[in-house]
Amino acid sequence: MSSRIGRTAPLASGWDIELVDVDEYLARVGHPRVAPTADALRSLHEAHVRTIPFENVDVLLGSHRGLGLDAITDKLVRRRRGGYCFEHALLFAAVAEQLGYQVTRLISRVQPHRAGPRTHMSLKVRAEGVDHLVDVGFGSGLLTAMPLRDGIVVDQAGWKHRLTRDGRRWTLAKQTGQGWEPQHLFDEDDEQRPIDYQVAHHYVSTHPGSPFTHQLIVIRLEPGLRRQLIGGTLTEEHADGRLVEAPIPLEALEDTLRSLDVVLDRGELAELRARIGQRRDSEPDA
């Protein structure tokens with residue numbers, strides 16, 4: 001009989017946070033290595049959002065390498081690309097834990113008032129005894145971390161966001177012209193495991209009903225300005241209410257992507273142009 005039978009092995013976290021070089025990441029986002037304070041958490045959150053784009057190019061092209069931190073680090077840090085929520089949040093969580101923060105990995109229901117799916121990854125991060133919502137991968141959401149406090153309202157790059165609590169469940173809402181619009185809902189104690197994100201990622205990256213599988217999505221957020229390229233339209237939304245929309249022809253795609261901090265190699269760009277061109281050709285004339 002094998003001596004291993006009946007032996008209880010220690011449970012591994014499964015997060016492989018050591019695969020992320022913290023100093024390499026900090027150089028990427030332009031942030032110094034500092035003690036794990038609440039102020040540092042807020043500034044690191046903003047540095048991440050302002051540096052690393054939200055984008056779905058690899059999902060659209062069917063070339064996504066998955067959610068391993070080795071692949072995420074290579075893409076978002078070394079190749080200076082972007083990604084979507086799972087990549088952003090897994091990377092930030094690994095860095096935050098290595099810096100000394102206590103991190104809980106969560107999953108959120110997007111647009112809960114519209115029966116949206118549980119497909120968004122956010123984080124609960126404790127700093128100086130206070131829990132914060134860290135949400136670096138929502139695209140048009142938070143510029144900086146928000147303390148988990150019922151009813152708190154925080155200006156995020158010019159747009160007010162509010163957290164409300166119902167038992168263990170929290171709702172993040174954004175103030176719009178129609179009132180407070182729920183963005184996502186999460187249970188602060190419902191910590192996830194790696195397989196949970198693999199399942200959500202599979203749906204988001206392959207299901208025909210997912211918005212990420214059939215159109216290009218790139219979003220950048222900075223103080224007072226939200227820019228998004230959805231399909232073939234670039235929209236600039238200003239915090240003062242101004243809205244500018246412009247169609248982007250295929251010949252301008254590379255320059256537009258560069259302006260949004262997404263730099264592709266020649267093969268990726270050619271494949272993306274072909275994919276977008278095919279979709280435009282298949283669309284009925286207005």
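The buried residues of helix 2 pack against helix 1, helix 5, strand 3, strand 4 (130-134) and strand 10. The model is predicted.

**Helix 2**

- Buried positions in helix 2 are Ala38, Ala40, Leu41, Leu44, His45, Ala47, His48, Val49 and Thr51.
- The 14 residues of helix 2 should span 20 Å at 1.5 Å a residue, and the end C-alpha atoms are 20 Å apart, so the two values agree.
- Where helix 2 starts, the backbone nitrogen of Ala40 has a side-chain oxygen of Thr37 within 3.1 Å.

**Nonpolar cores**

- The largest nonpolar core holds 52 residues, of which Tyr25, Phe86, Phe92, Tyr101 and Leu123 touch the most other members.
- At least two residues of this core come from each of helix 1 (22-29), helix 2 (38-51), helix 4 (69-78), helix 5 (85-99), strand 2 (102-110), strand 3, helix 6 (194-206) and strand 10 (217-222).
- Helix 5 gives the largest share of this core, 11 residues.
- Another core, of 16 residues, lies apart from the largest one and has Leu229, Leu234, Leu260 and Ile276 among its members.
- Leaving out residues up to four places away in sequence, Phe86 touches Leu67, Ile72, Thr119, Met121, Tyr197, Ala200, His201 and Val204.

**Met121**

- Met121 is in strand 3, which covers residues 118-127.
- With a relative accessible area of 0%, Met121 is buried, the cut-off for that label being under 20%.
- Beyond its neighbours within four places in sequence, Met121 is in contact with Cys85, Phe86, Ala89, Leu90, Arg105, Leu106, Asp135 and Tyr197.
- Gly137 is 16 residues from Met121 along the chain, and their C-alpha atoms are separated by 7.5 Å.

**Salt bridges**

- Side chains of opposite charge can pair when their charged atoms come close.
- The count of salt bridges in the model comes to 26.
- One of them joins the side chains of Asp58 and Lys75, at 3.5 Å from N to O.
- Asp58 belongs to helix 3 (residues 57-61) and Lys75 to helix 4, so this pair ties together parts that are 17 residues apart in sequence.
- Asp58 is buried, at a relative accessible area of 7%, and Lys75 also counts as buried, at 5%.
- Asp74 and Arg65 meet through their side chains in a salt bridge with an N to O distance of 3.1 Å.
- In that pair, Asp74 is partly exposed, with a relative accessible area of 22%, whereas Arg65 counts as exposed, at 53%.
- Arg81 forms a salt bridge with Glu268, with the closest N and O atoms 3.4 Å apart.
- This pair links distant parts of the chain, 187 residues apart: Arg81 is in the loop between helix 4 and helix 5, and Glu268 is in helix 8 (residues 266-282).
- Arg81 and Glu268 are both buried.

Methods: Residues are numbered from 1 along each chain as its sequence is written. This is a predicted model: local features need pLDDT of at least 70, side-chain atom pairs count only at pLDDT 80 or more; totals for chains, interfaces and linings use all residues. Side-chain values use heavy atoms; hydrogens and water are left out. Helices (H or I, at least four residues) and strands (E, at least two) are DSSP runs, numbered from the N terminus. Buried means under 20% relative accessible area, exposed over 50%, partly exposed in between (1.4 Å probe, protein chains only). Contact means heavy atoms within 4.5 Å. A nonpolar core is a set of buried Ala, Val, Leu, Ile, Met, Phe, Trp, Tyr and Cys residues joined through side-chain atoms within 4.5 Å. The expected span of a helix is 1.5 Å times one less than its number of residues. A polar contact is a pair of N or O atoms within 3.5 Å; within protein, one must be able to donate a hydrogen and the other to accept it, and residues adjacent in sequence count only if both atoms are side-chain atoms. A salt bridge is a side-chain nitrogen of Lys or Arg within 4 Å of a carboxyl oxygen of Asp or Glu.
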